[in-house]
Amino acid sequence: MALLLLLFLANILTISEGTCEPGIVKQIHLLRPRSGAGGNSIPGLSCLSWRLAVETNNIVGWKTVPEECEEYVGHYMLGKQYRKDSRAVAKEAFLYAQSLKLAGDGKDIWIFDIDETTLSNTPYYAQHGFGAEPYNATLFDKWVMEGAAPALPESLWLYNKLLSLGIKVVFLTGRHESQRNTTASNLKNVGYHAWDKLILKEPSKYSGKTAVFYKSKEREMLEKKGYRIIGNMGDQWSDLLGTNTGNRTFKLPDPMYYIS
């Protein structure tokens, strides 16, 4: 009897952890969180509290994940809580989008960031300390050029829902213009089959400028062309702050790195 009860509970948990939509495969990882990710204390530092402060933009300007929190962040990113948190954001975004009355002129757009928003670099960061190692642009760019980043399933689900509502999608990323072809192919290969614009950063144009400045300027140019930004989603606060941010913003979790 006890064994049957355990099997029943396991089946319920399996069903409850299903993806947002049939056909979208869990592509990131199936490891379950261990100590720390479930709220257990970690000697010397509360990593749960650190992650909360990061996600709420109360800790800013940090360069790496604290050494004490490398394991915690890894288990969060590879475990179920990251997926649950992302799912909560995606579902709320869809409810908001569903409530809107669109103009029907093709000018209502939704802006998505790419890295850790629509594409996941978790396979890369799993090999590089989940943000505890200093950022290495050469190694990361090499990973990007492989074009192997999986989709974040919850964002792909939202993307498809937005298209079904008649909302146009714009990708606005900090990736460089030289990475356009690889990025476009990567997006298409994992299910993002159509978009209105794919905006990448021109280093010569934005050299020395923050991500907030760059993305604000690009959003301003979109609005000058007559587009209406009805939604804006990213994993960094720099995706969502500044000017011309849109009618509503949605922050996805990302405790692995900070971009100003």
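Predicted model: local features only at pLDDT ≥ 70, side-chain atom pairs only at ≥ 80, totals over all residues.
**View 1. The tilted pair of tyrosine 125 and phenylalanine 140**. The count of aromatic pairs in the model comes to 21. In the pair formed by tyrosine 125 and phenylalanine 140, the rings lie 6.1 Å apart, centre to centre, with 40° between their planes, and the arrangement is tilted. This pair links distant parts of the chain, since tyrosine 125 belongs to helix H5 (residues 122-125) and phenylalanine 140 to helix H6 (residues 137-146), 15 residues apart. Both tyrosine 125 and phenylalanine 140 are buried. The pair of tyrosine 206 and tyrosine 214, by contrast, is edge-to-face, with 4.8 Å centre to centre and 65° between the planes.

**View 2. Helix H4 and the elements around its buried residues**. Helix H4 (residues 80-98) comprises 19 residues and reaches 27 Å from its first C-alpha to its last, close to the 27 Å expected. Its buried residues, among them Tyr82, Arg83, Phe94 and Tyr96, pack against helices H3 (70-78) and H7 (153-164) and against strands S1 (108-112), S4 (228-234) and S5 (249-251). Tyr96 also belongs to one aromatic cluster, together with Trp110, Phe112, Tyr159, Phe171, Tyr192, Trp195 and Phe250.

**View 3. Charged side chains over tyrosine rings**. Arginine 51 lies over the face of tyrosine 76, at 3.9 Å from the ring centre, while lysine 107 lies over the face of tyrosine 227, at 4.4 Å from the ring centre.

Terms used: Residues numbered from 1 in each chain as written. Heavy atoms only, no water. Helix = DSSP H or I, 4+ residues; strand = E, 2+ residues; numbered from the N terminus. Expected span 1.5 Å × (residues − 1). Buried < 20%, exposed > 50% of the residue type's maximum accessible area, 1.4 Å probe, protein only. Contact = heavy atoms within 4.5 Å. Phe/Tyr/Trp six-rings, centres within 6.5 Å; stacked < 30°, edge-to-face > 60°. Lys NZ or Arg CZ within 6 Å of the ring centre and 35° of its normal.
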